[in-house]
Amino acid sequence: MHAVNRGATGEALMNIPYLLRGVMPVGTDSSVLVSSSKYLNNPRLREWLAMILLRKNGPDMPPQAEMHEFLSILDELRDYAEIEERFTAERKVNPRLDAWFSEGHVSNYKIDDFAQYGPGTLGGIFYAQMTGGNYEIQIVPWSEPKTQLEFFNLRSGQTHDFEHILTGGGFNFMGELVPYWYRLTNVPRFFVDQHLATEVNLIQIFGSLRYTIRTALHYPEVWDTAVRCIQRGMKVGQESDALFLMKLEDAFHLPLEEARAALGVRGAVDVDTDREGAFWAERGEL
């Protein structure tokens, strides 16, 4: 509750609805929508957001296909020169990130390379998931990274499926929330420049919105599952080391719990959300 001045000015204020107080319209000569936000100014992003937040799921547009369009929208929005400057400045005050970039480790593994790992190991679990679900491990066509952002994104793509396993997020549409929210809470902890941390998390920021808003509007039966997945991802992100900077390949041979310990992953809980994920995607019943 806020105190209100009931003098002459206060009486005028009382005639303004509470939620509208403090609004100060800004004039413009522009004939199109313009604001101080580059995100709001982008008509493609506005349309895309409306679609991913409000639509129901259907076989004509798989949820993962939505992100393909977003990547081209993101390309329009980004100031790549500024991002590179921020990375360069960050490396001067963030020795661990600088060492990660300097090493420049990139993997070239194929699915068959994981057949050597036993059941229950990090590599073995990955192999079973990839072969059982007929997944592709190279979602984006390979290209040699030419910038710091390209390298960061390349390694993020190479480690994403392992982050599912390590953080306890199942390979389904509800389980996707766990590695999303691990990144959203973990990455900023290990960056000095929080604007840069936001920049590298934009896919997670916008991608996670699909699950929260759409679930609440159209699939409330699994809302509790979504909330619990978010909480689990946040817990891992807040308690764990900088998993996104780790060389996960060194732990492929280890049993899952040993791999988690070796990589500094803490707070992970394995929960089966396959049925809820299928229901959310309208591919099954609860």
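Welcome! The crossing of helices H3 and H4 is left-handed, meaning that the near helix is turned anticlockwise from the far one by less than a right angle. This is a predicted model, where local features need pLDDT of at least 70 and side-chain atom pairs count only at pLDDT 80 or more, while totals for chains, interfaces and linings use all residues. Residues are numbered from 1 along each chain as its sequence is written, and side-chain values use heavy atoms, with hydrogens and water left out.

**Helices H3 and H4**
- H3 (residues 43–54) and H4 (residues 63–77) pack at an angle of about 155°, with their axes 10 Å apart.
- The two helices are therefore roughly antiparallel, a term for angles over 145 degrees.
- In H3, the residues that meet H4 include Trp-48 and Met-51, and their partners in H4 include Phe-70 and Ile-73; contact means heavy atoms within 4.5 Å.

**Aromatic pairs**
- The structure holds 29 aromatic pairs, counted when ring centres of Phe, Tyr and Trp (its six-membered ring) lie within 6.5 Å.
- Trp-48 and Phe-206 form an edge-to-face pair (planes over 60 degrees apart), at 6.5 Å centre to centre and 70° between the planes.
- Trp-48 lies in H3 and Phe-206 in H11 (residues 202–218), so this pair ties together parts 158 residues apart in sequence.
- Both Trp-48 and Phe-206 are buried, that is, under 20% relative accessible area (1.4 Å probe, protein chains only).

**Glu-249**
- Glu-249 lies in the loop between helix H12 (223–239) and helix H13 (256–263).
- Glu-249 counts as buried because its relative accessibility is 16%.
- Leaving aside neighbours within four places in sequence, Glu-249 is in contact with His-105, Ser-107, Tyr-109 and Arg-155.

Technical notes
Axes are lines fitted to C-alpha atoms, for helices over the stretch in contact, and angles run from 0 to 180 degrees between N-to-C directions. Helices (H or I, at least four residues) and strands (E, at least two) are DSSP runs, numbered from the N terminus. Angles under 35 degrees count as roughly parallel, over 145 as roughly antiparallel, 65 to 115 as roughly perpendicular and the rest as oblique. Buried means under 20% relative accessible area, exposed over 50%, partly exposed in between (1.4 Å probe, protein chains only). Rings of Phe, Tyr and Trp (its six-membered ring) pair if their centres lie within 6.5 Å; planes under 30 degrees apart count as stacked, over 60 as edge-to-face and the rest as tilted.
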